[in-house]
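Subject: Structure for you to look at

Hello,

Here is the structure I said I would pass on. Please open it beside this email and follow along.

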Amino acid sequence: PDGRAAAAGIQPGDIILEVNRQPVDGVESLRSAVRASAGKPTLLLVRRGAGRDGQDLYVTVRPAGR
């Protein structure tokens, strides 16, 4: 709740689909993509909600101190 992702608007239950417009298919590919963008803003495509009520949105996570 106190991290950069939360500050960017990521919520519990959100599903991260892409990092910097590159698809991720699991935790390891997500971690690798985030490490590759260390020190720079990271653009995430997030799916919030399920079924017809779900929506996809872009969220930018900024490095600490920016």
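Start with Asp-56, which is partly exposed, with a relative accessible area of 40%. Here buried means a relative accessible area under 20%, exposed means over 50%, and partly exposed is in between, using a 1.4 Å probe and protein chains only. The side chain of Asp-56 forms a salt bridge with that of Arg-47, at 2.7 Å from N to O. A salt bridge is a side-chain nitrogen of Lys or Arg within 4 Å of a carboxyl oxygen of Asp or Glu. Arg-47 is partly exposed too, at 36%.

Some notes on the source. This is a predicted model, in which local features need pLDDT of at least 70 and side-chain atom pairs count only at pLDDT 80 or more, while totals for chains, interfaces and linings use all residues. Residues are numbered from 1 along each chain as its sequence is written, and side-chain values use heavy atoms, with hydrogens and water left out.

How many salt bridges are there by this rule? The count is 3. Another of them joins the side chains of Arg-48 and Asp-14, also at 2.7 Å from N to O. This pair links distant parts of the chain, 34 residues apart: Arg-48 is in strand β3 (residues 42–48), and Asp-14 is in the loop between α1 (4–8) and β1 (15–19). Helices (H or I, at least four residues) and strands (E, at least two) are DSSP runs, numbered from the N terminus. Is Asp-14 buried or exposed? Asp-14 is buried, with a relative accessible area of 15%.

There is also a salt bridge between the side chains of Glu-28 and Arg-31, at 3.2 Å from N to O. Both residues sit in helix α2 (residues 27–36), 3 residues apart, which is about one turn of the helix. Glu-28 counts as exposed at 52% relative accessibility, and Arg-31 is partly exposed at 46%.

Next, the strands. β3 pairs with strand β4 (residues 55–61) in the antiparallel sense, over 7 bridges. Two strands count as paired if DSSP finds at least two bridges between them. Leu-43, for example, has Thr-60 in β4 as its bridge partner. β3 and β4 form a hairpin with 6 residues between them, and Gly-49 in the turn has a positive phi of about 90°.

Most residues other than glycine have a negative phi. Asn-20 has a positive phi, near 50°, and Arg-21 has one near 65°. Asn-20 is in the loop between β1 and β2 (22–23), and Arg-21 is in the loop between β1 and β2 as well. Asn-20 is partly exposed at 33% relative accessibility, whereas Arg-21 counts as exposed at 53%.

Last, the largest pocket. A pocket is an open set of points on a 1 Å grid over the protein atoms alone, where a 1.4 Å probe fits, with protein on both sides within 12 Å along at least five of seven lines; lining residues have an atom within 4 Å of a point. The largest pocket has a volume of about 280 Å³, a volume being the space filled by probe spheres set on the points, which are joined across faces, edges and corners. The lining has 16 residues, of which Arg-4, Val-34, Ser-37, Thr-42 and Val-61 lie nearest the centre. α2 gives the most to this lining, with 3 residues.

Regards
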